[in-house]
Amino acid sequence: LIPFLGWYMSVTRMVFIDRQNREEAKRSLEEACEKIKTGISILTFPEGTRSPDGRVMPFKKGLFIMAIQAGVPIVPVAIEGCQNLLERDTLRIQPCRIDFVIGKPIGGAAVTFSDVSVTIERSHQ
């Protein structure tokens with residue numbers, strides 16, 4: 001574990017997701033959804049983990065269900081180059097170029113649970 005990371009995450013009121021415990025993960029998503037409803041923006045990584053080669057992996061549904069429950073749009077952000085900054089299973093940071101692309105908002109109050117797959121696909125693109 002990276003020193004001070006847990007402390008930092010607590011102080012900044014991050015929502016922890018226990019991917020090993022489905023019920024705890026569901027509770028964490030509900031907590032995040034409540035934060036969204038109060039106007040707090042949430043940053044998530046829909047792949048759930050880092051890819052070994054930098055390619056975009058399939059997205060998990062939790063974030064999309066949370067956005068639909070809260071009635072808010074998703075603003076996709078692509079981050080390219082991070083795989084070169086900090087390789088998996090190391091703590092050694094390498095200088096590199098990182099590009100961010102901010103997409104147009106997807107979804108919002110009119111989106112329903114039947115739209116989850118379409119919303120995921122649009123965000124993935």
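This is a predicted model: local features need pLDDT of at least 70, side-chain atom pairs count only at pLDDT 80 or more; totals for chains, interfaces and linings use all residues.
In helix 2 the residues Ala 25, Ser 28, Ala 32, Cys 33, Lys 35 and Ile 36 are buried. They cover an arc of only 160° around the axis, which puts them on the same side of helix 2.

**Helix 2 as a whole**

- Helix 2 has 16 residues, which at 1.5 Å a residue should span 22 Å, and its end C-alpha atoms are 23 Å apart, which agrees with that expectation.
- An α-helix has 3.6 residues a turn, so residues three or four places apart point the same way.
- The buried residues of helix 2 pack against helix 3.

- When residues up to four places away in sequence are not counted, Ser 28 touches Val 15, Phe 16 and Ile 17.
- Ala 25 is also found in helix 2, and with a relative accessibility of 14% Ala 25 counts as buried.
- Again not counting residues up to four places away in sequence, Ala 25 touches Ile 17 and Asp 18.
- Ala 25 and Ala 67 are 42 residues apart in sequence, and their C-alpha atoms are 15 Å apart in space.

**Helix 3 against helix 5**

- Two packed helices are described by the angle between their axes and the distance between the axes.
- The axes of helix 3 (residues 62-70) and helix 5 (residues 116-124) come within 10 Å and cross at roughly 115°, and the crossing in which helix 3 passes helix 5 is right-handed.
- On the helix 3 side the contact involves Phe 64, Ile 65 and Ile 68, which meet Val 116, Thr 119, Ile 120 and Ser 123 in helix 5.
- Sorted by type, the residues of this contact between helix 3 and helix 5 are five nonpolar, two polar and no charged.

- Leaving aside neighbours within four places in sequence, Ile 65 is in contact with Phe 113 and Val 116.
- Ile 65 and Arg 88 are 23 residues apart along the chain, and their C-alpha atoms are separated by 28 Å.

Key
Residues are numbered from 1 along each chain as its sequence is written. Side-chain values use heavy atoms; hydrogens and water are left out. Contact means heavy atoms within 4.5 Å. Axes are lines fitted to C-alpha atoms, for helices over the stretch in contact, and angles run from 0 to 180 degrees between N-to-C directions. Helices (H or I, at least four residues) and strands (E, at least two) are DSSP runs, numbered from the N terminus. A crossing is left-handed if the near helix is turned anticlockwise from the far one by less than a right angle, and right-handed if clockwise. Ala, Val, Leu, Ile, Met, Phe, Trp, Tyr, Cys and Pro count as nonpolar, Asp, Glu, Lys and Arg as charged, and the others, Gly among them, as polar. The expected span of a helix is 1.5 Å times one less than its number of residues. Buried means under 20% relative accessible area, exposed over 50%, partly exposed in between (1.4 Å probe, protein chains only). The arc is that of the directions from the helix axis to the C-beta atoms.
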